Amino acid sequence: MTFTALSNGTSVSPILNSERPLAQVPQLTEAEIINQKYRPFLLPDGKEEVDWVSALELDAVTKFVEEQSQVPGYTPLKFLVLYGSLRECSYSRKMSYEASRILHRLGADVRVFDPRGLPVKDDVQNSHEKVQELRNLSLWSDGHVWVSPEQHGNLTAVFKNQIDWIPLATGSVRPTQGRTLAVVQVNGGSQSFNTVNSLRILGRWMRMFTVPNQSSLPAAWTQFTEEGRLMPSTNRDRLVDVCEELVKVSLVMRPGFLMFGDRFSERKERRVKEEKKVAEAVAVVEAVEVTVI
């Protein structure tokens, strides 16, 4: 073993690799990992119990959820929440967090997708990790909540880019078909409904069932506290209405989820493809037989 001389003339022995203490890295549970990545809306311990969301009177829908939870095989409703701004002070993100807290209060499993790092839609980056993450979250979900700012009279490019990355179909899998949807918009100025109307068109195109209620928040910059929480108002009440309705509609439609994804035109298309494959296989066999003869 060699010794290292110090400037004062003394010497010290090095610590062998085997003698070095290993750092203890705490292992996170799966729930903790999901909370960190997809549930930034969760409040610190002790605050949730006294929060305005916890004080909401939601007896009817809560009772409905409890009744459904008694059905064998029941799992909590799963909602994917998308928002449409990359700004540090994003009001659509704040609104999406408030919607997530309400849905969480109603017993749903809620996950918020962070659009930062998602590439602009093209035909070559389908394997990008953010693209795959978004598509997998949509497949995982029972329903979506879409929250977009209104910019130049319509939804933002950040929001539309997320929908463009979700295909109508990947083989036989349809990431959005049959799912429920709630639409919300935030406005920098007076109240408008252009964006929620456009979101409804998008939802219909993605073969989703959009709930009748909707939320449009005027002058969003005046509606939140410094902590990013919605202040009491009829606009906040409307957001509660939307989330409550989304849960009700999702629970009612859930038993028929597979049925809503079954379409005559698609069955016909599959049958034609299967018949074509059979015909091609028969043709190959006949050609082999003729060659043998």
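The charged end of Arg236 sits over the ring of Trp52, at 3.9 Å from its centre, where a charge is said to sit over a ring if NZ of Lys or CZ of Arg is within 6 Å of the ring centre and within 35 degrees of the ring normal. A further case is Lys121, which lies over the face of Trp165, and the two are set out below.

| Charged residue | Ring | Distance to ring centre |
|---|---|---|
| Arg236 | Trp52 | 3.9 Å |
| Lys121 | Trp165 | 5.0 Å |

The model is predicted, so that local features need pLDDT of at least 70 and side-chain atom pairs count only at pLDDT 80 or more, while totals for chains, interfaces and linings use all residues. Residues are numbered from 1 along each chain as its sequence is written, and side-chain values use heavy atoms, with hydrogens and water left out.

Aromatic rings also meet one another: rings of Phe, Tyr and Trp (its six-membered ring) pair if their centres lie within 6.5 Å, and planes under 30 degrees apart count as stacked, over 60 as edge-to-face and the rest as tilted. By this rule there are two aromatic pairs. One of them joins Trp146 and Phe159 edge-to-face, with 5.7 Å centre to centre and 65 degrees between the planes. This pair links distant parts of the chain, since Trp146 belongs to strand β5 and Phe159, 13 residues apart from it, to helix α5 (residues 157-164); helices (H or I, at least four residues) and strands (E, at least two) are DSSP runs, numbered from the N terminus. Both Trp146 and Phe159 are buried, a word for under 20% relative accessible area, with exposed for over 50% and partly exposed in between (1.4 Å probe, protein chains only).

A nonpolar core is a set of buried Ala, Val, Leu, Ile, Met, Phe, Trp, Tyr and Cys residues joined through side-chain atoms within 4.5 Å. The largest one has 38 residues, and those with the most contacts inside it are Met95, Ile102, Leu103, Val145, Leu239 and Val247. Its largest share, seven residues, comes from α7. With contact meaning heavy atoms within 4.5 Å, Val145 touches Leu80, Val81, Leu82, Ala99, Leu103, Ala182 and Leu246, not counting residues up to four places away in sequence. Another core, of 22 residues, lies apart from it and includes Ile34, Ile166, Leu181 and Met208.

His152, in the loop between β5 (143-151) and β6 (154-155), counts as exposed because its relative accessibility is 83%. Phi of His152 is near 55 degrees, a positive value in a residue other than glycine.
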